[in-house]
There are 2 protein chains.
Amino acid sequence: VIAALPARPAQVWVVSSDFFLEGVHFLTHAHPPVAIGYKALARATSDLAAMGATPRFFLLNLALPPFRAGRWLNGFLRGVARATRQFGSRLIGGDIARYTAVAINVTVLGATRMATPVTRSGARPGDLVYVSGAVGAAQLGLELILRGQANHRRWQALLQRHLYPAPRLDLGRWLSSHRLASSMIDTSDGFSTDLHNLCRASKVGARIDSEKLPIVRIPASLTRKGFDAFTLGLHGGEDYELLFTVPRRAAERIPRLYRGVKLTRIGQITRRQSIVLVSADGRTKPLAPRGWDHFRQR
Amino acid sequence: VIAALPARPAQVWVVSSDFFLEGVHFLTHAHPPVAIGYKALARATSDLAAMGATPRFFLLNLALPPFRAGRWLNGFLRGVARATRQFGSRLIGGDIARYTAVAINVTVLGATRMATPVTRSGARPGDLVYVSGAVGAAQLGLELILRGQANHRRWQALLQRHLYPAPRLDLGRWLSSHRLASSMIDTSDGFSTDLHNLCRASKVGARIDSEKLPIVRIPASLTRKGFDAFTLGLHGGEDYELLFTVPRRAAERIPRLYRGVKLTRIGQITRRQSIVLVSADGRTKPLAPRGWDHFRQR
């Protein structure tokens with residue numbers, strides 16, 4: 001697979017490359033092939049959103065068993081096409097191999113007009129912490145599927161954020177081009193883990209107000225079944241929301257809603273390199289990174 | 001995994017992204033981890049050589065079972081480092097995941113000063129066909145390993161082209177920058193298959209002189225064991241030589257040797273879209289693409 005990128009003198013190219021593996025990132029017995037194709041692309045594209053970049057091109061490496069080359073592959077490619085249209089990028093190369101399982105690697109190439117794109121390492125003590133949308137919705141969908149509740153008609157709508165997440169491309173570009181965000185990351189591994197990643201890269205800590213965290217709302221009947229919204233929100237992965245920091249002087253320029261996406265101020269960056277949750281009564285407790293970690297037993 | 005590429009106004013970026021999968025592209029029980037790390041990078045870098053580009057950066061996605069995280073991983077990373085030094089590229093991003101097997105994806109980003117890099121689609125009827133080095137050496141090494149002959153001390157030297165292939169970066173750049181090659185491809189899938197790929201992309205055919213093809217020399221004792229040099233040369237994969245076409249008027253500028261690498265004129269491009277082998281007595285027979293094909297039963 002090889003392709004040439006047109007020269008764009010006023011722009012910087014950014015590149016993101018991600019695995020999407022059967023049994024690790026998706027389950028062929030539980031996830032529709034359309035959603036697998038869509039998410040393979042959404043996952044890599046979300047990294048670009050967090051840099052304020054615009055996706056332009058992508059390369060798709062696909063390995064699969066021969067028995068998936070018919071109907072399954074058609075569905076998968078429909079999902080890829082849907083994501084391509086939605087994100088405005090174009091397939092410029094790809095390869096296909098025979099393998100024992102479905103393994104996908106997506107490389108997305110994007111452009112930004114910023115000489116120095118937003119990174120996760122620019123947060124400074126005193127900066128305010130924001131998150132877009134709500135956290136926990138994707139994990140709720142995954143757990144409904146894993147518990148065999150996915151076919152209940154009344155929960156169908158709750159699966160959408162898990163199956164078809166929408167990278168926050170417009171928001172990322174807007175924050176970046178107006179130089180409002182000092183640092184930014186997408187919540188792919190889970191809020192707690194991604195906040196840790198951002199703080200580690202910036203060599204800072206954070207205080208998060210528990211009650212301000214915009215957490216997925218779940219029906220009372222699911223709470224009775226043991227679903228815990230707060231745990232889903234803190235540690236659930238794959239929301240692909242933007243978690244970003246804003247210097248205090250720029251805070252007044254952050255609206256409550258940007259093109260229909262809620263923006264919530266949830267805390268602030270501290271010099272002390274620890275991450276704590278502050279409850280409404282002022283009590284603090286450490287927030288451990290309990291989201292997705294490939295080498296921890298789950 | 002995400003990284004920004006520095007702007008280089010006078011250059012075009014090219015990108016190559018390749019899987020390197022256990023059981024498909026390598027065997028963990030037969031290949032040393034150092035060679036696996038080296039080849040993962042060599043394979044993707046060779047694509048750039050065929051475009052006349054210079055590798056600058058690469059991204060490495062690695063999935064592996066936990067039991068490979070110690071000594072095996074150290075060896076693998078030594079191989080990656082060796083390739084990095086040899087090819088002059090630099091790791092700018094990567095990801096690691098837990099998986100049931102070793103799966104690798106390497107994305108290499110390179111630069112070329114050509115406004116339009118050499119592709120495989122530019123061959124024209126009458127162009128002369130050349131190949132660098134010799135073909136079949138890598139397949140010979142693989143078959144020695146598969147037949148359990150790899151530990152024989154006398155055959156050790158024959159494994160090197162299989163374990164540590166050298167992408168023809170200098171040659172590719174030279175042919176490209178002097179605009180000598182009308183089309184170019186690296187022989188990764190095997191001479192016969194790559195020639196078919198080049199001819200299909202260029203909508204042409206080719207006549208190849210059998211006796212001119214520079215084929216690996218094999219010891220007589222291996223011939224007696226059933227190794228057939230001509231078959232290895234025609235269809236054996238992973239030599240990573242350059243197969244290129246040159247307009248007739250530029251042929252006198254192609255030396256027999258470029259920086260120690262032999263360049264051999266082996267035939268010519270035809271308007272008729274068939275690929276034939278011509279023997280010394282003038283008889284012709286079709287050359288089928290019998291190299292590497294992921295979806296053919298082997």
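## Basis of the model

The model is predicted, so local features need pLDDT of at least 70 and side-chain atom pairs count only at pLDDT 80 or more, whereas totals for chains, interfaces and linings use all residues. Residues are numbered from 1 along each chain as its sequence is written, chains are lettered from A and ligands numbered from 1 in the order in which they are written, and side-chain values use heavy atoms, with hydrogens and water left out.

## Parallel strands and crossovers

Helices (H or I, at least four residues) and strands (E, at least two) are DSSP runs numbered from the N terminus. Two strands are said to pair if DSSP finds at least two bridges between them. In chain A, strand E3 (residues 54-64) pairs with strand E4 (residues 90-98) in the parallel sense over eight bridges. A:Leu60 has A:Gly94 in E4(A) as its bridge partner. Between E3(A) and E4(A) the chain passes through helix H2 (residues 71-87) of chain A, and this β-α-β crossover is right-handed (with the strands pointing away from the viewer, the path from the first strand over the helix to the second runs clockwise).

In chain B, eight bridges join strand E3 (residues 54-64) to strand E4 (residues 90-98), and the two run parallel. B:Leu64 stands opposite B:Arg98 in E4(B). The crossover from E3(B) to E4(B) goes through helix H2 (residues 71-87) of chain B and is right-handed.

## A buried strand in chain B

Strand E6 (residues 128-132) of chain B is largely enclosed by the rest of the structure, because five of its five residues are buried (buried means under 20% relative accessible area, exposed over 50%, partly exposed in between, with a 1.4 Å probe and protein chains only). B:Leu128, B:Tyr130 and B:Ser132 point one way from E6(B), while B:Val129 and B:Val131 point the other way.

E6(B) is joined to strand E9 (residues 242-246) of chain B by four bridges, in antiparallel fashion. E6(B) also pairs with strand E11 (residues 261-270) of chain B, antiparallel, over five bridges. B:Tyr130 stands opposite B:Phe244 in E9(B) and opposite B:Arg265 in E11(B).

## Positive phi angles

Most residues other than glycine have a negative phi. A:Lys203, which is not a glycine, has a positive phi of about 55°. This residue lies in the loop between helix H6 (191-202) and strand E8 (205-209) of chain A, and A:Lys203 is exposed, with a relative accessible area of 61%.

B:Tyr240 has a positive phi near 55° and is found in the loop between helix H8 (229-235) and E9 of chain B. B:Tyr240 is buried, with a relative accessible area of 2%. In chain A, helix H5 (residues 169-177) has buried residues including A:Leu169 and A:Trp174, and H5(A) is followed by A:Arg179, whose phi is positive, near 50°.

## Cysteines

The structure holds zero disulfides over all chains (a disulfide is a pair of cysteine sulfur atoms within 2.5 Å). A:Cys199 is buried, with a relative accessible area of 2%. B:Cys199 is buried, with a relative accessible area of 2%.

## The second largest cavity

There are four cavities of 30 Å³ or more in the structure. On a 1 Å grid over the protein atoms alone, a cavity is a set of points where a 1.4 Å probe fits but cannot get out, and lining residues have an atom within 4 Å of a point. Grid points are joined across faces, edges and corners, and a volume is the space filled by probe spheres set on the points. The second largest cavity contains about 40 Å³ of space. Its lining includes A:Phe20, A:His31, A:Lys39 and A:Leu163. Helix H1 (33-49) and helix H4 (156-163) of chain A are the elements that give two or more residues to this lining, and H1(A) supplies the largest share, three residues.

Methods: 1 Å grid on protein atoms, 1.4 Å probe; cavity = no way out; pocket = protein on both sides within 12 Å on 5 of 7 lines; lining within 4 Å.
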